[in-house]
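Dear colleague,

I am passing on the model we spoke about, and my notes follow directly below it. Please read them with the structure open beside you.

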Amino acid sequence: MDSRDLLDLIWLVPALPALGAVVLLVFGKRIGEPVAGWIATALMGASFLASVLSFVSLSNLPEAERAHVRNLFTWLRSGGLSVKLGLLVDPLSVTMILFVTGVGTLIHLYSIGYMHGDPRFSRYFGYLNLFAVSMLMLVLGSSFLVTFMGWEGVGLCSYLLISFWFERNSAAVAGKKAFVTNRVGDFGFMLAMFLIFQRFGTLDYAGMGERAGTLTGGTVTAIALLLFVGAVGKSAQMPLHIWLPDAMEGPTPVSALIHAATMVTAGVFLVCRAHPFFEASSSATMVVAWVGAVTALFAATVALVQNDIKKVLAYSTVSQLGYMFLAVGVGAYQAAIFHMVTHAFFKALLFLASGSVIHGLGGEQDMRRMGGLKKYMPITAGTFIVGWLAIAGIIPFAGFWSKDEILAKAWFAGDYALWAIGAFGALLTAFYMTRQVWLVFYSRERFGEPALVVSGGSDDGDPIDSGTVIASPGGDAGGEQGHGPHESPWTMTTPLLALAVLSVIGGALNLPFTEPSLEFLAEWLHPVFRGVEELPAESFSLGFALSTVALLIGVSGILLGRAVYRNGLTTSGTDPGADRIGPLGKVLANAYYLDLGLARFVSGPVTAFASFLADGVDRRTIDGAVNGVGRIVMTGGGAIRRLQSGVMRNYAAWILAGAVALLVYFATRVGL
Amino acid sequence: MDITPSYYLTLAALLFTIGAVGLLVRRNTLVMFMCVELMLNAVNLTFVSFAKALDDIGGQVIVFFTLVVAAAEVAIGLAIIVAIFRRRQGVTADDIDLLKG
């Protein structure tokens with residue numbers, strides 16, 4: 001069979017999880033636990049195998065021909081718009097489907113253990129498969145509209161899974177917040193599509209590069225920036241990052257899959273996919289790079305003082321996504337994809353390991369009530385430490401290579417300010433991850449202790465009740481602590497081990513050596529980014545020096561973190577790092593009050609306007625007009641009602657009066 | 001003495017007024033009924049007078065119509081009065097006011 005025939009089978013990749021989603025959402029209740037989980041996992045695994053197959057087929061083609069479109073059917077035909085439901089197989093989409101299905105399978109497997117005993121077990125796996133379908137359609141789409149369909153699909157699944165435990169009000173609210181914030185970004189994406197269609201009459205990716213070159217500067221900048229607005233919403237960049245920390249209300253595997261590894265990288269993917277528009281506008285790429293850099297730094301500082309184990313990782317994700325945007329902003333698309341892949345490995349690992357910790361402690365998420373867990377959960381601790389070294393940028397772990405690549409490209413592009421921000425962010429990253437490792441796995445055991453009172457402002461990021469008594473968030477944690485912290489079952493530890501291995505060797509995807517060439521990923525992606533100007537290393541020694549600096553930054557961040565947090569919390573139970581920075585700690589803990597500010601200055605007026613519309617316009621004006629007409633008729637009727645007295649002689653008198661009046665009228669008219 | 005149509009018309013107006021006033025001031029339904037007959041016949045007299053004066057047979061023809069309608073009205077009206085009398089032991093018009101608004 002020819003490679004192209006095999007590539008025509010690409011529809012199997014999204015179809016397998018789609019089958020799972022339909023079966024589990026329709027018959028889930030009857031299938032039940034744990035079969036539902038196994039069905040979902042097996043279908044994801046099969047989808048991964050199909051992805052591997054498509055990878056092999058694609059690499060058998062000559063490099064210039066590595067873009068295959070498989071049109072399934074005509075989806076829409078309306079006027080000049082004709083959209084085929086097409087799947088585009090090229091190195092970029094194949095890279096995406098490989099890690100989406102690969103990491104996805106591991107997280108499905110993990111979920112079987114994590115969601116054990118949940119009353120909506122099969123529905124969870126139905127949603128998870130539905131998410132996988134949407135994400136695969138997003139990356140495989142052959143036009144903006146197909147991508148947009150997947151884009152909305154992942155948004156929906158994100159909403160469904162964040163508020164999966166909707167009995168908890170905070171989860172329901174977080175789901176809504178994520179959905180609404182994403183709509184803002186989606187609006188930008190849609191406007192960009194309208195503009196593209198208006199100019200070109202087609203939304204297909206094929207030939208987009210040539211067409212983008214014909215646009216004037218203003219239009220192309222507008223399209224690029226509108227697409228970027230969409231990316232900002234989906235990938236949680238400033239100022240639309242506010243939904244991601246709250247999204248941690250969802251089950252931890254969801255945080256790992258959707259809010260760390262796959263969905264939030266959709267924005268980076270979109271910018272890469274639509275790179276001709278960005279390449280044609282230097283002002284747009286500058287905006288992208290700076291938004292990314294500022295977000296990377298901002299989120300890293302906020303992560304320094306968070307106490308919720310998942311909130312730290314959430315802000316860390318925002319920060320790492322900022323690095324990816326920094327990379328695409330300076331034109332280093334391959335570096336961004338590289339970091340996206342390695343980040344998917346180590347951040348999914350960190351989330352799953354933290355989920356294992358939460359599971360082992362019976363729902364505890366506050367790092368101040370952990371400590372010393374290495375003894376009780378050796379596998380979780382070991383894998384978490386691998387993830388920590390990877391994100392901190394220690395050689396030879398995956399994160400070192402990808403982050404170094406981004407920083408080096410920023411330097412080679414001549415953006416030294418961006419490099420400096422990124423490097424400082426890397427220092428903070430190493431520091432806050434070290435803090436987390438020490439608070440959770442080393443230092444004194446604090447999980448048996450009663451709820452503690454916090455004096456400082458370093459609360460768990462919730463802007464409302466900082467400085468109050470912290471009870472265990474799980475609520476039922478006390479009962480579970482009877483049998484102490486314990487290691488998780490094999491369904492949970494196996495994915496941890498697999499991801500740990502990937503976090504160690506993931507860097508081998510793209511090693512920065514040209515003689516012999518080891519930049520496998522960059523070369524693989526080269527056909528996609530053919531028109532993009534390369535940012536070559538100015539010299540090997542400079543690249544080597546930059547790597548050394550990056551490594552030193554990572555190591556010093558770790559040493560600094562260890563120096564501060566070697567003993568965990570202070571004897572009075574406060575955070576030694578937050579104590580040292582004083583009032584700034586409170587600002588950081590509340591994420592610079594951006595959330596609160598947005599609530600006050602954006603949602604506040606919007607809510608006020610909405611209630612004005614509801615009360616002032618709808619209830620008073622519109623309802624008032626309707627009710628007013630009714631009241632006038634009723635009052636008038638009440639007055640006229642008295643005329644009908646029921647007494648016959650009155651009627652006779654009225655008739656007579658009428659007759660006389662008519663007589664008088666005619667008499668005056670004829671002039672008698 | 002020359003009898004002109006105005007004599008007839010004056011008489012008709014007098015009869016009509018007596019009937020109308022009687023209808024308004026009396027409470028006995030039977031008497032009110034007779035007043036209505038009085039008014040109808042006053043109008044009939046007017047028709048006939050004008051028919052003679054204007055030499056138009058139409059005026060006399062319409063009187064026959066009036067008589068027929070009046071006969072039908074009497075038949076129904078008396079039946080109603082009898083029915084009311086059977087239920088209420090009296091036909092005072094002002095007591096029959098159940099249809100007030």
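**The contact between the chains**

Where chain A meets chain B, the contact takes 10 residues from chain A and 11 residues from chain B. On the side of chain A that touches chain B, helix H27 (residues 648–670) of chain A gives the most, with five residues. By class, the residues on that side of chain A divide into five nonpolar, three polar and two charged. Please bear in mind throughout that this is a predicted model.

**Chain A as a whole**

The secondary structure of chain A comes to 27 helices and two strands, and its C-alpha trace spans about 125 × 65 × 55 Å along the principal axes. Of the 672 residues in chain A, 53% are buried. Among the contacts in chain A with a separation of 6 or more, 81% are accounted for by residues 24 or more positions apart.

**Helix H16 and its two partners**

The crossing in which H16(A) passes H18(A) is left-handed. From H16(A) the contact draws on A:Ala335, A:Phe338, A:His339, A:Thr342, A:Phe345 and A:Phe346, while H18(A) supplies A:Ala398, A:Gly399, A:Ser402, A:Lys403, A:Glu405, A:Ile406 and A:Lys409. Sorted by class, the residues of this contact are six nonpolar, four polar and three charged.

The other partner is helix H15 (residues 309–329) of chain A, which packs with H16(A) at an angle of about 175°, their axes being 9 Å apart. H15(A) is therefore roughly antiparallel to H16(A). The residues that H15(A) brings to this contact include A:Leu313, A:Thr317, A:Gln320 and A:Met324, and those of H16(A) include A:Ala335, A:His339, A:His343 and A:Phe351. The contact of H15(A) with H16(A) has 14 nonpolar, five polar and two charged residues.

A:Val103, found in helix H4 (residues 91–114) of chain A, is buried, because 28 other C-beta atoms lie within 10 Å and the threshold is 20 or more. Not counting residues up to four places away in sequence, A:Val103 touches A:Ala261, A:Thr262, A:Ala344 and A:Ala348. The C-alpha atoms of A:Val103 and A:Thr265 are separated by 13 Å, although these residues are 162 residues apart along the chain.

A:Leu136 lies in helix H5 (residues 121–140) of chain A and counts as buried, with 30 C-beta neighbours inside 10 Å. Leaving aside neighbours within four places in sequence, A:Leu136 is in contact with A:Val13, A:Pro14, A:Ile97 and A:Val100. Between A:Leu136 and A:Asn307, 171 residues apart along the chain, the C-alpha separation is 34 Å.

**Backbone points to check**

Most residues other than glycine have a negative phi, and most peptide bonds are trans. Against that background, the loop between helix H9 (217–234) and helix H10 (243–246) of chain A holds A:Pro239, and a cis peptide bond with omega of about 0° joins A:Met238 and A:Pro239. A:Ala236 also lies in the loop between H9 and H10 of chain A; it has a positive phi of about 55° although it is not a glycine, and it counts as buried, with 29 C-beta neighbours inside 10 Å. A further cis peptide bond runs from A:Ile395 to A:Pro396, with omega near 5°, and A:Pro396 lies in the loop between helix H17 (378–392) and H18 of chain A.

**Helix H3 of chain B**

Helix H3 (residues 58–88) of chain B has 31 residues, which should span 45 Å at 1.5 Å a residue, and its end C-alpha atoms are 44 Å apart, in agreement with that expectation. H3(B) is hardly covered, as the count of buried residues among its 31 residues is zero. Just after H3(B) comes B:Gln89, with a positive phi of about 55°; B:Gln89 counts as exposed, with 7 C-beta neighbours inside 10 Å.

With best wishes

Key: Residues are numbered from 1 along each chain as its sequence is written. Chains are lettered from A and ligands numbered from 1 in the order in which they are written. This is a predicted model: local features need pLDDT of at least 70, side-chain atom pairs count only at pLDDT 80 or more; totals for chains, interfaces and linings use all residues. A crossing is left-handed if the near helix is turned anticlockwise from the far one by less than a right angle, and right-handed if clockwise. Helices (H or I, at least four residues) and strands (E, at least two) are DSSP runs, numbered from the N terminus. Two residues are in contact if their C-beta atoms, placed from the backbone, lie within 7 Å. Ala, Val, Leu, Ile, Met, Phe, Trp, Tyr, Cys and Pro count as nonpolar, Asp, Glu, Lys and Arg as charged, and the others, Gly among them, as polar. A residue is buried if 20 or more other C-beta atoms lie within 10 Å of its own, exposed if 12 or fewer, and partly exposed in between; C-beta atoms are placed from the backbone. The expected span of a helix is 1.5 Å times one less than its number of residues. Axes are lines fitted to C-alpha atoms, for helices over the stretch in contact, and angles run from 0 to 180 degrees between N-to-C directions. Angles under 35 degrees count as roughly parallel, over 145 as roughly antiparallel, 65 to 115 as roughly perpendicular and the rest as oblique.
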